[in-house]
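This briefing is for a reader who is meeting the structure for the first time.

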Amino acid sequence: MATNLNWSNQEIAHLTLQEVYQKANLDQPGDIPKIIRLFENPQSPIALPGKISLHNHDCLHVLLGKGVASQDEAFVIGFTMGNDSKTKLWHVKIFKFLSRFVYPSKYRFTRQEMKIFDLGFHYGRGLPKHNLNRLDFTAFYEYKINDLRS
């Protein structure tokens, strides 16, 4: 996902989720390597907990105020896995192995990004509302970003 908007500042606070989503230059499903879709796409029979559609994943980037850098990606994926009530420690270990050694080099996480993944995981786990990866974010399209973040 790439755009000229700064996801974390007040530039988008007054916009609706739909407005921000439509202004973004988003990845298309075909842009994501098959190995990643195998473990992260809800349509895959072997997807790990935290699986999320590309649309919802991009909406979480916006709501969490995370951009498109690999550190941001690590945080959002960690958040999504941590927020999913079905995630167990062994799921996290499998994901970390895949994202460190198996995923295409462009998508692999460094040691530092693994630490950021952990921060996202703990943040997602600590929220009172779980399983945000399963929400229909289009139902929140008319809400302002600031309201959704609150």
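The largest nonpolar core has 17 residues, a nonpolar core being a set of buried Ala, Val, Leu, Ile, Met, Phe, Trp, Tyr and Cys residues joined through side-chain atoms within 4.5 Å. Buried means under 20% relative accessible area, exposed over 50%, and partly exposed in between, with a 1.4 Å probe and protein chains only. The model is predicted: local features need pLDDT of at least 70, side-chain atom pairs count only at pLDDT 80 or more, and totals for chains, interfaces and linings use all residues. Residues are numbered from 1 along each chain as its sequence is written, and side-chain values use heavy atoms, with hydrogens and water left out.

**Nonpolar cores**

- Within the largest core, the residues with the most contacts are Leu48, Met81, Phe95, Tyr103, Phe109 and Phe117.
- Two or more residues of this core come from each of helix H2 (34–40), H4, H5 and H6; helices (H or I, at least four residues) are DSSP runs, numbered from the N terminus.
- A second, separate core of 16 residues includes Val20, Cys59, Leu60 and Leu63.
- Leaving aside residues up to four places away in sequence, Phe109 touches Ser70, Glu73, Ala74, Ile77, Phe95, Ser99, Arg100 and Met114, where contact means heavy atoms within 4.5 Å.

**Helix H6**

- In H6, which spans residues 111–126, the buried residues are Glu113, Met114, Ile116, Phe117, Gly120, Phe121 and Gly124.
- These residues lie on the same side of H6 because they cover an arc of only 160 degrees around the axis, taken from the directions from the helix axis to the C-beta atoms.
- On the other side of H6, Arg111, Lys115, Leu119, His122 and Gly126 are exposed.
- The packing partners of the buried residues of H6 are helix H4 (70–83) and helix H5 (89–102).

**Aromatic rings**

- There are nine aromatic pairs; rings of Phe, Tyr and Trp (its six-membered ring) pair if their centres lie within 6.5 Å, and planes under 30 degrees apart count as stacked, over 60 as edge-to-face and the rest as tilted.
- Tyr21 and Tyr141 form a tilted pair, 6.2 Å centre to centre with 35 degrees between the planes.
- This pair links distant parts of the chain, 120 residues apart: Tyr21 is in helix H1 (residues 17–23), and Tyr141 is in the loop between H6 and helix H7 (145–149).
- Phe95 and Tyr103 form an edge-to-face pair, 6.1 Å centre to centre with 80 degrees between the planes, and both residues are buried.
- Ring pairs join Phe95, Tyr103, Phe109, Phe117 and Phe121 into a cluster.

How values were computed
The expected span of a helix is 1.5 Å times one less than its number of residues.
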